[in-house]
Amino acid sequence: MNRGVEWSVHVLLSLAWLDDDKPVPTAELAASYELPVAYLNKQLQALVRAGLLRSVPGAHGGFLLARRPEEITLMDVVSAIEGREPAFQCTEIRRQGMGEDAPRSAFRRKCAVDAAMQQAEVQWRRALAAQTIADIRAEADSHAPSAGRLARKAYGRA
């Protein structure tokens, strides 16, 4: 999974802490985490396309949550950044090398490696779909009660 997923979750969390309708510019979001602006902007645009963020153009523009934090799951974020393709793609290497001369009948059943990976992916996706940005905010607030206040201060909302 690329770093864009982590960055995106942190940005969504920060915007959830702000809890207002004032957009935050890309440069401010990037500066608050010391991230490269151009790369972060690509992630933000992917979140807009997925309906997780709203982009406000203009001199006072930036990004806002498009949905309530309770309605944005971690699976939504992963899908927006990584796409919806399965993480594991079986290429049937069992038919190569030592399996090259095996009869076709040896491959009628699904590859055990592929089956295990698909089962794990289903569980992983369910777990991500069960966690929302609101859940992450609540967890972060319980461990670091000042985090929301620091985010509001960082974006001039204190």
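## Terms and basis of the model

Contact means that heavy atoms lie within 4.5 Å. Helices (H or I, at least four residues) and strands (E, at least two) are DSSP runs, numbered from the N terminus. A residue is called buried when its relative accessible area is under 20%, exposed when it is over 50%, and partly exposed in between (1.4 Å probe, protein chains only).

The structure is a predicted model, in which local features need pLDDT of at least 70 and side-chain atom pairs count only at pLDDT 80 or more, whereas totals for chains, interfaces and linings use all residues. Residues are numbered from 1 along each chain as its sequence is written, and side-chain values use heavy atoms, with hydrogens and water left out.

## Helix α6

Helix α6 spans residues 133-143, and Ile133, Ala134, Arg137 and Ala140 are buried within it. Seen down the helix axis, these buried residues fall within an arc of 125°, so they line one face of α6; the arc is that of the directions from the helix axis to the C-beta atoms. An α-helix has 3.6 residues a turn, so residues three or four places apart point the same way. The buried residues of α6 pack against α1 and α4, while Ser142 and His143, on the other side of the helix, are exposed.

The N-terminal end of α6 is capped by Thr132, a side-chain oxygen of which lies 3.3 Å from the backbone nitrogen of Ala134. Thr132 is also one of the contacts of Thr73, together with Leu128, Ala129 and Gln131, leaving aside neighbours of Thr73 within four places in sequence. Thr73 is placed in the loop between β2 and α4 and is buried, with a relative accessible area of 14%.

## The nonpolar cores

A nonpolar core is a set of buried Ala, Val, Leu, Ile, Met, Phe, Trp, Tyr and Cys residues joined through side-chain atoms within 4.5 Å. The largest such core has 30 residues, of which Leu29, Leu47 and Val77 touch the most other members. At least two residues of this core come from each of α1 (3-18), α2 (26-33), α3 (37-49), β2 (62-65) and α4 (74-82). The largest share, eight residues, is supplied by α1. Apart from this core lies another, of five residues, among them Leu13, Trp17, Ala140 and Ala147.

Leu47 touches Ser8, Leu12, Leu52, Leu53, Val77, Ala80 and Ile81, not counting residues up to four places away in sequence. Ser8 is found in helix α1 and counts as buried at 1% relative accessibility. With the same exclusion of residues up to four places away in sequence, Ser8 touches Gln43, Leu47, Val77 and Ile81.

Ala30 lies in helix α2 and counts as buried at 1% relative accessibility. Not counting residues up to four places away in sequence, Ala30 touches Leu35, Pro36, Val37 and Leu40. Ala30 and Trp7 are 23 residues apart in sequence, and their C-alpha atoms are 9.2 Å apart in space.

Glu34 is placed in the loop between α2 and α3. The phi of Glu34 is near 55°, a positive value in a residue other than glycine. Glu34 is exposed, with a relative accessible area of 75%.

On a 1 Å grid over the protein atoms alone, a pocket is an open set of points with protein on both sides within 12 Å along at least five of seven lines, where a 1.4 Å probe fits; lining residues have an atom within 4 Å of a point. The largest pocket holds about 210 Å³ of space, a volume being the space filled by probe spheres set on the points. Its lining comprises 16 residues, of which Leu15, Asp19, Asp20, Asp21 and Leu65 lie nearest the centre. α1 and β2 each supply at least two residues of the lining.

Asp19 is placed in the loop between α1 and α2. Asp19 counts as exposed at 66% relative accessibility, and its phi is near 50°, a positive value in a residue other than glycine.

## Cys90

Cys90 lies in the loop between α4 and α5 (112-130) and is partly exposed, with a relative accessible area of 30%. Leaving aside neighbours within four places in sequence, Cys90 is in contact with Cys111 and Asp114. The C-alpha atoms of Cys90 and Met117, which are 27 residues apart along the chain, are separated by 9.0 Å.

Definitions and conventions. A polar contact is a pair of N or O atoms within 3.5 Å; within protein, one must be able to donate a hydrogen and the other to accept it, and residues adjacent in sequence count only if both atoms are side-chain atoms.
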